[in-house]
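Subject: The structure I promised you

Hi,

Here is the structure we talked about, ready for you to open. Have a look at it first, and then read on for what turned up.

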Amino acid sequence: MHWAEDGAASALHVTSLDAAVRHAVRCQSPRASVATLDSLLHQRLITMDELRAIFARLPPRFGAVLALADASSESGPETFVRLLLRSLGASFETQVHIPGVGRVDVVVDG
């Protein structure tokens, strides 16, 4: 059960991806919302253009969430680490290939 846009409760078990994204962004913490968007982008369930169209119908304060979305994060924990490193001002790269090791999720400060 979730609250509909008009404030009425809805018990429908199916909704559009558009509506699900809008509700997720409005109801989750900003970090969790970014992780949701990253996952949707990474799994190619939605495009950045589609997300921009969805965010155009959300209050402007949510624009910062969209600005942090990154399809390179392959999991929620990767997103959380990326956001933490960003908030600390650390230099980092995501999805880096290291010879003899392979691809790693995050390289911090080189």
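A quick word on terms before anything else: two residues are in contact when they have heavy atoms within 4.5 Å of each other. On that basis, take the contacts between residues at least 6 apart in sequence: 41% of them join residues at least 24 apart. Keep in mind that this is a predicted model.

Now the overall layout. The protein has 5 helices and 4 strands, and from the N terminus on the order is β-β-α-α-α-α-α-β-β. Of its 110 residues, 29% are buried.

Helix α1 covers residues 17-27 and helix α3 covers residues 48-55; they pack at an angle of about 65°, with their axes 10 Å apart. The crossing of α1 over α3 is right-handed. On the α1 side, the residues involved are Asp18, Val21, Arg22 and Val25, and they meet Leu51, Ile54 and Phe55 of α3. By type, that contact has 5 nonpolar residues, 2 charged ones and no polar ones.

Stay with α3 for a moment. Leu51, Ile54 and Phe55 are buried. They sit on the same side of α3, because they cover an arc of only 95° around the axis. As background, an α-helix has 3.6 residues a turn, so residues three or four places apart point the same way. What covers the buried residues of α3? The cover includes α1, α2 (30-42) and α4 (63-67).

Ala35 is in helix α2, and it counts as buried because its relative accessibility is 13%, below the 20% cut-off. Not counting residues up to four places away in sequence, Ala35 touches Gly76, Thr79 and Phe80. Ala35 and Glu74 are 39 residues apart in sequence, but 9.4 Å apart in space from C-alpha to C-alpha.

The other spot is Ser73, which is found in the loop between α4 and α5 (76-88). Is Ser73 buried or exposed? With a relative accessibility of 3%, Ser73 counts as buried. With residues up to four places away in sequence left out, Ser73 touches Asp38, His42, Glu78, Thr79 and Arg82.

Asp109 is found in the segment after β4 (102-108), and at 58% relative accessibility Asp109 counts as exposed.

Cheers

Notes
Residues are numbered from 1 along each chain as its sequence is written. This is a predicted model: local features need pLDDT of at least 70, side-chain atom pairs count only at pLDDT 80 or more; totals for chains, interfaces and linings use all residues. Side-chain values use heavy atoms; hydrogens and water are left out. Axes are lines fitted to C-alpha atoms, for helices over the stretch in contact, and angles run from 0 to 180 degrees between N-to-C directions. Helices (H or I, at least four residues) and strands (E, at least two) are DSSP runs, numbered from the N terminus. A crossing is left-handed if the near helix is turned anticlockwise from the far one by less than a right angle, and right-handed if clockwise. Ala, Val, Leu, Ile, Met, Phe, Trp, Tyr, Cys and Pro count as nonpolar, Asp, Glu, Lys and Arg as charged, and the others, Gly among them, as polar. Buried means under 20% relative accessible area, exposed over 50%, partly exposed in between (1.4 Å probe, protein chains only). The arc is that of the directions from the helix axis to the C-beta atoms.
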